[in-house]
Amino acid sequence: MSGLPITFACGLYDRMLALHTGEVKPDGIDLNFLAIDHPREIFDRMANNLEFDAAEMSSSDYFRHAARGDCLMVAIPVFPSRVFRHGYIAIDKRVVREPKDLAGKRIGVPLYAMTAAIVIRGLLQHDYGVDFSGVTWVEGGMNDTKPHGAPSTIPLVRPVKLELYTDKMSLNDRLETGDIAAVIGSGLPKSVKTNPNIGRLFPDYRKSEIEYYRKTKIFPIMHLVVLKRELYEKHPFVATSLYNACCDAKAIAYRKMRELGTLRYMLPWMAAELEEIEQVFGGDPWPYGIDANRPSLDALVQYLADQALIEKPVPVESLFAPIFGQASKP
């Protein structure tokens with residue numbers, strides 16, 4: 001008997017591959033996995049038009065809508081994309097030598113409200129004591145003048161010194177000419193590799209990120225999975241079914257990654273990488289569910305409040321559909 005037809009738009013990550021191939025089938029669901037490898041396209045199509053039944057979604061975009069209480073989507077605690085962000089802070093080394101030098105500067109960002117930028121500002125404020133109250137944020141394209149997707153229509157809850165997107169000059173060009181002192185975001189300006197005056201704030205970012213995780217237990221969550229609220233309210237079983245299927249698919253990827261007779265990925269030192277992951281995380285580095293991710297989720301909610309993106313922190317549980325039943329483990 002066929003299940004409930006559901007379209008699910010998501011990047012084709014290793015942890016999602018078994019859903020795409022059909023090796024894992026959600027109970028009671030006939031899943032149509034739409035592999036779209038441009039996250040911003042998925043976010044904008046889902047947030048603006050609800051084009052999919054389920055979709056990968058920007059964590060910050062969803063949290064901002066959900067905190068207002070008027071969201072047409074509901075999330076499940078599946079996190080397709082996570083990225084440590086210490087390595088995504090580019091600076092003009094002539095004016096910035098340490099994190100606190102960022103205070104009062106003009107800093108470029110593709111989109112003020114993008115999750116990567118929120119996480120970077122949060123870790124700099126909370127872990128390095130950076131005062132952003134006097135900073136002017138300058139929006140623009142990183143290495144060209146294209147906008148970073150469609151900006152949110154949710155207004156900021158407090159005034160922020162913000163120069164909105166313009167197509168006059170890329171952030172890379174602004175950084176090289178001294179118009180801005182730093183750039184943050186989900187990518188890097190090309191001048192990091194070509195201009196000796198431009199570099200990373202944390203040159204040994206891997207070491208900084210490992211120390212940060214050991215101290216905070218935060219592995220920043222970039223994207224989560226959402227369902228149409230109308231679909232969820234009509235068929236609430238879908239939340240648990242899709243959550244468990246995502247857990248099963250991730251467990252398969254987790255096991256296959258550790259089969260080292262032949263290397264599954266083009267990483268020559270993958271065995272050493274896996275040993276380090278075990279040392280740092282002590283097990284699954286990519287957990288789903290709320291409890292296993294509470295430090296990361298609580299931090300993101302606090303950062304949103306700090307940065308005038310929501311009024312005040314909200315309980316994390318209020319942002320997710322309840323999940324019932326036992327999900328599989330790696």
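**Reading strands, loops and a cavity**

Analyst: Ala9 stands opposite Ala55 in strand 3. This is a predicted model, in which local features need pLDDT of at least 70 and side-chain atom pairs count only at pLDDT 80 or more, while totals for chains, interfaces and linings use all residues. Residues are numbered from 1 along each chain as its sequence is written, and side-chain values use heavy atoms, with hydrogens and water left out.

User: Which strands does strand 3 join, and how do they run?

Analyst: Helices (H or I, at least four residues) and strands (E, at least two) are DSSP runs numbered from the N terminus, and two strands pair if DSSP finds at least two bridges between them. Strand 1 (residues 4–10) runs parallel to strand 3 and is joined to it by two bridges. Strand 11 (residues 221–228) is antiparallel to strand 3, with five bridges; there Glu56 stands opposite Val225.

User: What is the order of the five strands in the open sheet?

Analyst: The order is 2-1-3-11-4, with mixed pairing. Strand 2 (29–35) and strand 4 (73–82) are the edge strands, each pairing on one side only. From one strand to the next, the twist averages 30 degrees; axes are lines fitted to C-alpha atoms, for helices over the stretch in contact, and angles run from 0 to 180 degrees between N-to-C directions. Strand 4 pairs with strand 11 in the antiparallel sense over six bridges, and Met73 has Lys228 as its bridge partner. Helix 8 (residues 237–257) lies across strand 1, strand 2, strand 3, strand 4 and strand 11, at about 10 degrees to strand 4. Contact here means heavy atoms within 4.5 Å.

User: Which way do the residues of strand 3 point, and are they buried or exposed?

Analyst: In a regular strand the side chains alternate between the two faces of the sheet. Ala54, Glu56 and Ser58 point one way from strand 3, and Ala55 and Met57 the other way. Buried means under 20% relative accessible area, exposed over 50%, and partly exposed in between (1.4 Å probe, protein chains only). Five of the five residues of strand 3 are buried, so this strand is largely enclosed by the rest of the structure.

User: Where is Leu50 found, and what is its phi?

Analyst: Leu50 is in the loop between helix 2 (39–49) and strand 3 (54–58). Its phi is positive, about 50 degrees, although Leu50 is not a glycine. Leu50 is partly exposed, with a relative accessible area of 24%. Ala308 also has a positive phi, near 65 degrees, and is placed in the segment after helix 10 (294–306). Ala308 counts as buried at 2% relative accessibility.

User: How many cavities of 30 Å³ or more does a search of the whole structure find, and which residues line the largest cavity?

Analyst: A cavity is a set of points, on a 1 Å grid over the protein atoms alone, where a 1.4 Å probe fits but cannot get out; lining residues have an atom within 4 Å of a point. Grid points are joined across faces, edges and corners, and a volume is the space filled by probe spheres set on the points. The search finds one cavity of 30 Å³ or more. About 50 Å³ of space lies in the largest cavity, and its lining includes Val119, Ile218, Pro220 and Ile221. Helix 10 gives the most to this lining, with four residues.

Notes
1 Å grid on protein atoms, 1.4 Å probe; cavity = no way out; pocket = protein on both sides within 12 Å on 5 of 7 lines; lining within 4 Å.
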